[in-house]
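Here is a briefing on a single protein model. Look over the sequence and the structure, then read the points by topic.

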Amino acid sequence: MPENWVWTTVDELCDVVRGGSPRPAGDEKYYNGAIPFLKVADLTKDDEIYVYKAEYTIKEAGLKKTRLVNEGTLLLTNSGATLGVPKITTFSTTFNDGIAAFLYINKEIQLYLYWFLKSKTDSFRKIDQGAAQPNLNTDLIKSIPIPLPPLTEQKRIIKP
């Protein structure tokens, strides 16, 4: 690693929280309202950096069973065969428990973290926790080591 880079972990850069899912799924008490509700399929359906819409919605009653994040929040799928897919929201949204959110991250390093996480998708899927399906709980996500270059180098790395 270059001399001016540092090792850090996700939890030193931001808070990580998991979403929630109103149960039972599809219950009219919670679903089909005006509030966007992301599911894993919304994040894994394409290779875009950003997620532009949610296929599902919830009602105000569903807010008590999930989390609401602001536009521009970095997300990561955290369970099943499609875990390890990052996306950045383009709208305020709620999200289910198969997704984790990175809160209070410095916006200047968000794209670098996005590309770093994207580069680790395959290795995330190989993590063996002895469960039937792979799962990245928030403690595992928080402890991910990250080589962090100076900001000018980060911008050069993520430049298309």
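Contact here means heavy atoms within 4.5 Å. On that basis N96 touches G19, G20, S21, F37, L38, K39 and V40, with residues up to four places away in sequence not counted. The model is predicted, so local features need pLDDT of at least 70, side-chain atom pairs count only at pLDDT 80 or more, and totals for chains, interfaces and linings use all residues. Residues are numbered from 1 along each chain as its sequence is written, and side-chain values use heavy atoms, with hydrogens and water left out.

**Helix α3**

- Helices (H or I, at least four residues) and strands (E, at least two) are DSSP runs, numbered from the N terminus.
- Helix α3 covers residues 107-119, 13 residues in total.
- From first C-alpha to last, α3 reaches 19 Å, close to the 18 Å expected at 1.5 Å a residue.
- That expected span is 1.5 Å times one less than the number of residues in the helix.
- The N-terminal end of α3 is capped by N106, with a side-chain oxygen 2.8 Å from the backbone nitrogen of E108.
- Buried means under 20% relative accessible area, exposed over 50%, and partly exposed in between (1.4 Å probe, protein chains only).
- The buried residues of α3 are I109, Q110, Y112, L113, Y114, F116 and L117.
- I109 counts as buried because its relative accessibility is 11%.
- I109 and P145 are 36 residues apart along the chain, and their C-alpha atoms are separated by 15 Å.

- I88 lies in strand β8, residues 86-89.
- A relative accessible area of 2% is why I88 is classed as buried.
- Residues up to four places away aside, I88 touches I49, Y50, V51, G72, T73, L74, Q110, L111 and Y114.
- Of these, Q110 and Y114 are on the list of buried residues in α3.
- I88 and L113 are 25 residues apart in sequence and 11 Å apart in space, C-alpha to C-alpha.

**Helix α4**

- T121 is found in helix α4, residues 121-125.
- T121 counts as buried because its relative accessibility is 11%.
- A polar atom of the T121 side chain lies 3.2 Å from the backbone oxygen of K118.
- For reference, a polar contact is a pair of N or O atoms within 3.5 Å; within protein, one must be able to donate a hydrogen and the other to accept it, and residues adjacent in sequence count only if both atoms are side-chain atoms.
- Beyond its neighbours within four places in sequence, T121 is in contact with L83, G84, V85 and P86.

**Largest pocket**

- A pocket is an open set of points on a 1 Å grid over the protein atoms alone, where a 1.4 Å probe fits, with protein on both sides within 12 Å along at least five of seven lines; lining residues have an atom within 4 Å of a point.
- The volume of the largest pocket is about 160 Å³.
- Such a volume is the space filled by probe spheres set on the grid points, which are joined across faces, edges and corners.
- Its lining consists of L68, V69, N70, E71, T73, F102, L103, Y104, I105 and K107.
- β6 (67-69) and β10 each supply at least two residues of that lining.
- The lining of the largest pocket has six nonpolar, two polar and two charged residues.
- Ala, Val, Leu, Ile, Met, Phe, Trp, Tyr, Cys and Pro count as nonpolar, Asp, Glu, Lys and Arg as charged, and the others, Gly among them, as polar.

**Loops and backbone geometry**

- N96 lies in the loop between β9 (93-95) and β10 (99-103).
- N96 counts as buried because its relative accessibility is 11%.
- Y104, in the loop between β10 and α3, has a positive phi of about 60° although it is not a glycine.
- Y104 counts as exposed because its relative accessibility is 70%.
- N32, in strand β3, also has a positive phi, near 70°, and is a residue other than glycine.
- The peptide bond from R23 to P24 is cis, with omega near 0°.
- P24 lies in the loop between β2 (15-18) and β3 (31-38).
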